[in-house]
Amino acid sequence: MDDLSHLHFADRVQFIETKLGTEAWITVYEYTETDQEKIAHFSALTTVDDVERSLSQTQWDLLIGNGGPGFCFYGGGDWKYLPTGGDEAPIEALVHVRDFHGLRPDYMEISEQFRLFFNLYDDRKSGKLVAFEENGDEVEVVRSSPKKIQILAKYLRDYLAAREMVLLIFCEIDRWNVKDLEELGIEEAAEEDRKEDLTYSWWVSSKTPVGDKKTYARMIAKKVVHGTPGYRPSSLWGREDREYEQFTIGVDDAGRRVMFTCDEEELANHFGKNAGAPHYLTPVFFRKSVLNKYYSDPKYSVRDGILFCGGFWSLRMDNNHTDYVIVFLGDLGHLAHAEQLYWKSFNVAPDGDLSDVAFRRGMLGEWADAEEPALVFKSTYQRFREKWSQVNGWDLFKDLASEDHHFWQALHVPGDGNQREFDDQIMALSKVMVERLNDRGVSKFITLEPNDKSIAKLEKYLEYIGYPGRVEFGTFLRYLNGLRSGPAHVKGDSYRKAAVHFRVDEMGMSGAFGAMLNSASIHLSRLLEFAAPETSAGQAGS
């Protein structure tokens with residue numbers, strides 16, 4: 001850009017007229033400086049009725065650092081407290097620049113009303129404010145650094161609409177040149193313009209040099225950003241804004257899928273609603289892999305018969321079925337639309353019935369233990385640890401380290417043919433069954449050899465207490481550790497021998513791992529029954 005265009009702000013005029021306030025991320029504060037330019041952006045909220053007054057001048061309505069509570073003083077000593085400053089104009093700060101006069105570091109913060117309106121989480125390490133959508137997904141709403149703050153336009157515009165206010169974006173740009181106007185071949189100039197939602201002015205002169213900079217130019221601008229057109233408060237997850245997907249609930253005589261909406265307002269119930277329509281409790285079938293997303297993200301919790309996303313939502317489901325995950329049609333309608341779309345991509349035609357566990361619980365109102373191998377193992381493992389500690393006063397298995405907790409969260413029966421998923425689950429099972437063995441606890445009761453590892457120590461302890469299943473349990477753990485050598489290292493003889501022992505090729509990865517979980521549950525139950533029976537008053541090994 002040539003000197004004339006630079007000092008006449010040709011680029012900035014175009015940007016302010018066409019782009020400022022229309023970006024996906026709107027800058028509400030900025031202060032940057034280079035050798036040839038200094039840019040300051042600030043912003044404030046005002047009422048729609050105040051726009052005309054504000055745009056009648058380019059002067060900022062609120063200076064950086066102002067906008068906190070203050071007073072307005074009148075003649076005769078009267079005064080009035082104003083929550084947004086000492087000016088009766090309806091100007092409200094969106095960004096507060098906190099200055100502690102050098103006694104503490106300065107910092108900036110977004111208006112409390114804005115943060116509370118969207119219940120934003122302050123991730124101070126990253127300088128971001130985060131919102132949570134209805135399905136529990138995180139959305140970055142505010143990005144901040146010492147030099148710039150930006151807000152996601154959709155959230156800012158929704159907030160403006162909810163408040164029935166507008167945002168004023170203030171700009172001040174200084175530019176300079178080491179040459180004077182005569183050397184540059186430029187004349188002193190100035191310009192003002194006023195449009196519907198914009199006012200700006202600029203001038204260039206050599207009459208006020210700054211240091212070695214002989215030519216100085218300044219632009220001041222103000223632009224209005226409006227709220228979301230047609231905004232309604234109900235758009236914050238209101239039912240009237242919900243979308244409902246159709247799911248496969250059957251197959252017709254021609255083999256075509258029969259689909260129906262998951263909107264419970266269109267479904268039948270036990271009280272005569274929508275007679276002839278599919279029932280709320282119509283089972284909908286999904287591939288097991290639908291749960292992989294939830295296993296891999298710690299914000300979700302997959303439990304026996306239910307899926308949780310923090311405190312945002314939960315979904316009843318039959319995850320005790322051997323081949324599928326089954327959800328009632330009406331329950332799917334309680335999911336956010338994005339989540340419905342995800343589940344729909346795993347939807348298959350009905351194939352059989354609910355699991356016996358789900359039928360007894362949901363239809364007969366009976367108590368029924370889980371039967372799916374991973375659910376059974378988790379329940380057994382947790383009960384084992386609790387009862388063992390109660391009776392013996394120490395833990396046979398230590399808690400997972402916080403950074404390893406995802407192994408427990410994600411423990412499940414993998415799909416067939418997925419070597420990576422199988423390796424991950426072997427690693428998870430080995431973590432809780434081998435790596436977390438309490439070496440120090442068992443070592444109190446046995447004589448150690450220099451090369452004794454965790455499994456050898458456990459075997460000696462089980463021999464010490466006279467447990468008859470010690471050989472079988474030790475063998476199971478050794479082969480499990482051998483399978484783990486595959487994910488952890490190059491798959492060698494130990495892995496191949498363990499794969500043969502667990503009949504991985506014969507049963508498939510899914511079947512073999514399910515059988516391993518069942519074996520682990522049986523070993524733990526038998527050991528608990530022997531060493532820490534609920535009726536025992538003593539301590540194993542004492």
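**Note on the predicted structure**

1. Glu435 is partly exposed, with a relative accessible area of 29%. This value, like the others in this note, comes from a predicted model. Glu435 forms a salt bridge with Arg484, and the closest N and O atoms of the two are 3.0 Å apart. The pair links distant parts of the chain, since Glu435 belongs to helix α13 (residues 419-435) and Arg484 to helix α16 (residues 470-488), 49 residues apart. Arg484 has a relative accessible area of 17% and is therefore buried, the cut-off for that class being under 20%.

2. A search of the whole structure finds 38 salt bridges. In general, side chains of opposite charge can pair when their charged atoms come close. One of the bridges joins the side chains of Arg361 and Asp304, at 2.6 Å from N to O. Arg361 lies in helix α10 (residues 356-362) and Asp304 in the loop between β19 (300-303) and β20 (306-309), so the contact ties together parts that are 57 residues apart in sequence. Arg361 counts as partly exposed at 29% relative accessibility, and Asp304 is partly exposed with a relative accessible area of 30%.

3. Another salt bridge brings together the side chains of Asp399 and Arg385, at 2.7 Å from N to O. Asp399 is in the loop between α11 (373-392) and α12 (405-409), while Arg385 is in helix α11, 14 residues apart. Asp399 is exposed, with a relative accessible area of 52%. Elsewhere, Lys38, Glu172, Asp174 and Arg218 are linked in a network of salt bridges.

4. Strand β22 (residues 324-328) deserves attention. Of its 5 residues, 5 are buried, so the strand is largely enclosed by the rest of the structure. In a regular strand the side chains alternate between the two faces of the sheet. In β22, Tyr324, Ile326 and Phe328 point one way and Val325 and Val327 the other way, all of them buried. The strand pairs with β18 (residues 283-287) in the antiparallel sense over 5 bridges, and Val284 stands opposite Val327 of β22.

5. The surface carries a nonpolar patch of about 520 Å², made by Phe71, Phe73, Trp79 and Tyr81. The elements that give two or more residues to the patch are β3 (70-73) and β4 (79-82). Phe71 is placed in strand β3 and counts as partly exposed at 42% relative accessibility.

6. Two backbone angles are worth checking. Most residues other than glycine have a negative phi. His101, however, has a positive phi, near 55°; the residue is found in the loop between β6 (95-98) and β7 (107-110) and counts as exposed at 69% relative accessibility. Glu164 likewise has a positive phi near 55°. Its place is in the loop between α5 (153-163) and β12 (165-177), and Glu164 counts as exposed at 65% relative accessibility.

Terms used
Residues numbered from 1 in each chain as written. Predicted model: local features only at pLDDT ≥ 70, side-chain atom pairs only at ≥ 80, totals over all residues. Heavy atoms only, no water. Patch = residues over 30% accessible without salt bridge, like charges linked within 9 Å, V, L, I, M, F, W, Y side chains within 5 Å. Areas by Shrake-Rupley, 256 points an atom, 1.4 Å probe, with all protein chains shown as cover. Salt bridge = Lys/Arg side-chain N within 4 Å of Asp/Glu carboxyl O. Helix = DSSP H or I, 4+ residues; strand = E, 2+ residues; numbered from the N terminus. Buried < 20%, exposed > 50% of the residue type's maximum accessible area, 1.4 Å probe, protein only. Pairing = 2+ DSSP bridges.
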